[in-house]
Structures are given as C-alpha cells and as structure tokens.
Amino acid sequence: MLPTAELHLHIEGTLEPEMLVELAARNGVALATSDLDELRAKYDFSDLQSFLDLYYANLPVLRTDQDFYDLTSAYLARAERAGVRRAEIFFDPQVHLGNGVPLGAVFEGITGAFQNSPVSTDLILCFLRDLGPGAAAETLRKALPFRERFIGVGLDSAEVGHPPAPFAEVYQQAAAEGLHRVAHAGEEGGPEYVRDALDVLGAERIDHGIRAVEDPELVARLRDEQVPLTVCPLSNVALRVVDRLADHVLPAMLREGLLVCVNSDDPAYFGGYVDDNFAALRGDLGMTDEQLALLARNSFDACFAPDEEKAAWKAEVPG
Ligand code: HPA
Ligand SMILES: [Zn+2]
C-alpha cells in the first residue's frame, strides 16, 4: 500500500448508503427508500450537477455532532487502510446551516474525530460557488469564531457559470486571517477558471485542474511554479468529465512535469477510495510503480503540513 496524502476529499461525499440509512433512522429523517440496492442504483451520473443533486439531497440526515463524528471516523478508518498518512478534508458548512444544523456541531463532530485518528488531519472550509460571493462572505464571518479549527478555504459545487473572480474579496479576507486558499477549477470549466483561481483568488493549489492541459501557456506556468493539482481519476469518469479512465490526461500531466496527485473526491459516490484510484490507474491506465510513487511523493509536497512531517512521509514512499 503506497503511503499518500489525500488533499481533495469532501467529507460529505464519504456518506455511504449504509450510513445514510442508519443516520436517517437515528434522526427520524424520511428517505425515498431504505433499500441499499435501490440507493446504490441512483449513484449513476451524467455530469457534475446530476451528482450534486443527489449529494445535497442526502445531507439532511446529518444533524448532530455525533453524526459528523461518525461520518468522519468512518472515513478516517477507511483512509488509514488506504495508506493515507495526511488528509486535508473539505466540508460544506452552507449546506448544514441551510439544514438548520449549528456550525458548532459540525466543527465539533468533524474535529473530534480528527483527535481520535492516527491520520494527520486538517479541515478546509468550502464555499458553494453557486450561492455567490455574498453568501460566502457571510459563511466566513460565521466560521471565524471557530478559526482555530480549520486551516483554509476552498470553492466547490456547480462550476460552469460560476467563475472564480467574484470571490476575490472573500479570498482576500481569508488570506488576511492567515488561511490557506484552494479552489476547484478546470473540472468542467475551462483553463480560464484555473488562471483566474490563481491570479484573482491567489489559490495555492487547484482542485481537479485537468482542463488546464488545453492551454499550453498555462501548463508551462503550472510547471514553472509547481502549482499542486489535486486530480481525482475515478470522479472524472463517474461525472463523465472523461469517457474512460484509459483516456485520462493524468499520465500526460506527469510527463509535463506538473505537481499532480491522486485523490478520491467523493468516494462513496464515485466508486472508490484513494487506494481504489491508485489500483485503477495501474489496471486501466497501465501506470508503473515509478509513476504511482511519484504521484504519492507529489501529494506530500502539495500538502500544508510542516516540512519535517512532509519529509518523513516522503521517505516512506518506495523508490
Ligand atoms: O467533485 C465535486 N466538484 C464540485 N463540487 C463538489 N462538491 C462535492 N464534490 C464536488
Ligand atoms: Zn471536489
């Protein structure tokens, strides 16, 4: 099992059907069905939005700090078995606030699970780009009383039609608070979303970024500046961003010298955890041990942990 850092993981996207049913029963939340096969059958997507519709529809089962604790503990236990040494975990506070869950319960549950795991963990607060910059600023304001519980901000949800630029001010505020800045860009949106995330938001890392390959000048810049790109191969196939894993641009990105790493995004929905992603890269793309080890080393270079810890994890990667 390759040791790796997982830097693109939405904790809400680790909600497996079994836990969905369990939490719905515990909290008295009605589901359309409790049949696990019927629930799994819905995990068939045509694009990002068709996934987001189901992802948001399932989240009202999360109500208490215990729910967030259980969700996060289950992910961390699975991640540990997948070789994950370091996880920088996204969450979507606007969804939970919208469902009437206090932010304190969300922070308490997630970070409580962090304390009981051997995996090195930190939390990144994501703004929902389709709700706009005003709602993002309001969310940051509500989260600042919990400032010590998270290390950065990100930008997720429906990409096309919701470019980065309007979020410049809230990203500036986040930077002033000493928070790291990442953003989803270049998943369904074009290279200009990646460029704006760097130039306008000051993003230190790009989530997905695969459509950057359409712009050679941008590729040269990403290589020269060694901007980390958190690529999610099984996600890209599940959301039909690429037709087949065999067509994925990840090997080309590696050949270009980009700082790419492998992540599971929403593993309960996309067919696997980070070890499953590595296995698929080996099986379907024929990637070699050397290439996979480079991806693992890149993940540690790309993470926000202290340099000594990064060096110790990197030294564990074979080759
Ligand atoms: O893969 C994703 N892309 C954009 N937004 C998201 N929110 C959860 N998962 C995703
Ligand atoms: Zn994502």
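**The sheet at a glance**

Eight strands, in the order β1-β2-β3-β4-β5-β6-β7-β8, make up an open sheet with parallel pairing. Strands β1 (4-6) and β8 (259-262) are at the edges with a single partner strand each, so one side of each has no neighbour in the sheet. From one strand to the next, the twist averages 25°.

This is a predicted model, in which local features need pLDDT of at least 70 and side-chain atom pairs count only at pLDDT 80 or more, while totals for chains, interfaces and linings use all residues. Residues are numbered from 1 along each chain as its sequence is written, and chains are lettered from A and ligands numbered from 1 in the order in which they are written.

**How to read the elements**

- Helices (H or I, at least four residues) and strands (E, at least two) are DSSP runs, numbered from the N terminus.
- Two strands pair if DSSP finds at least two bridges between them.

**Around strand β2**

- Strand β2 (residues 84-91) pairs with β1 in the parallel sense, over three bridges.
- Within that pairing, Thr 4 has Val 84 in β2 as its bridge partner.
- Strand β2 also pairs in the parallel sense with strand β3 (residues 120-128), over six bridges.
- Here Ile 89 stands opposite Leu 123 in β3.

**Helices α7 and α8**

- Helix α7 (residues 132-143) packs against helix α8 (residues 168-176) at an angle of about 20°, and their axes are 9 Å apart (axes are lines fitted to C-alpha atoms, for helices over the stretch in contact, and angles run from 0 to 180 degrees between N-to-C directions).
- The two helices, α7 and α8, are therefore roughly parallel to each other (angles under 35 degrees count as roughly parallel, over 145 as roughly antiparallel, 65 to 115 as roughly perpendicular and the rest as oblique).
- Pro 133, Ala 136, Ala 137 and Leu 140 of α7 make the contact with Glu 169, Val 170, Gln 173 and Ala 174 of α8 (contact meaning that two C-beta atoms, placed from the backbone, lie within 7 Å).
- The residues of this contact between α7 and α8 are six nonpolar, one polar and one charged (Ala, Val, Leu, Ile, Met, Phe, Trp, Tyr, Cys and Pro count as nonpolar, Asp, Glu, Lys and Arg as charged, and the others, Gly among them, as polar).

**Helices α15 and α16**

- Helix α15 (residues 289-302) and helix α16 (residues 307-316) pack at about 175°, with 9 Å between their axes.
- That angle makes α15 roughly antiparallel to α16.
- The contact involves Arg 297, Phe 300 and Asp 301 of α15, along with Lys 310, Trp 313 and Lys 314 of α16.
- These contact residues of α15 and α16 divide into two nonpolar, no polar and four charged.

- Ala 212 sits in the loop between β6 (205-208) and α10 (216-224), and Ala 212 counts as buried because 27 C-beta neighbours lie inside 10 Å.
- Leaving aside neighbours within four places in sequence, the contacts of Ala 212 include Gly 186, Pro 191 and Leu 222.
- Leu 239 lies in the loop between α11 (233-238) and α12 (250-255), and Leu 239 is buried, with 23 other C-beta atoms within 10 Å.
- Beyond neighbours within four places in sequence, Leu 239 is in contact with Phe 45, Asp 47, Leu 48 and Phe 51.

Conventions. Buried ≥ 20, exposed ≤ 12 C-beta atoms within 10 Å, placed from the backbone.
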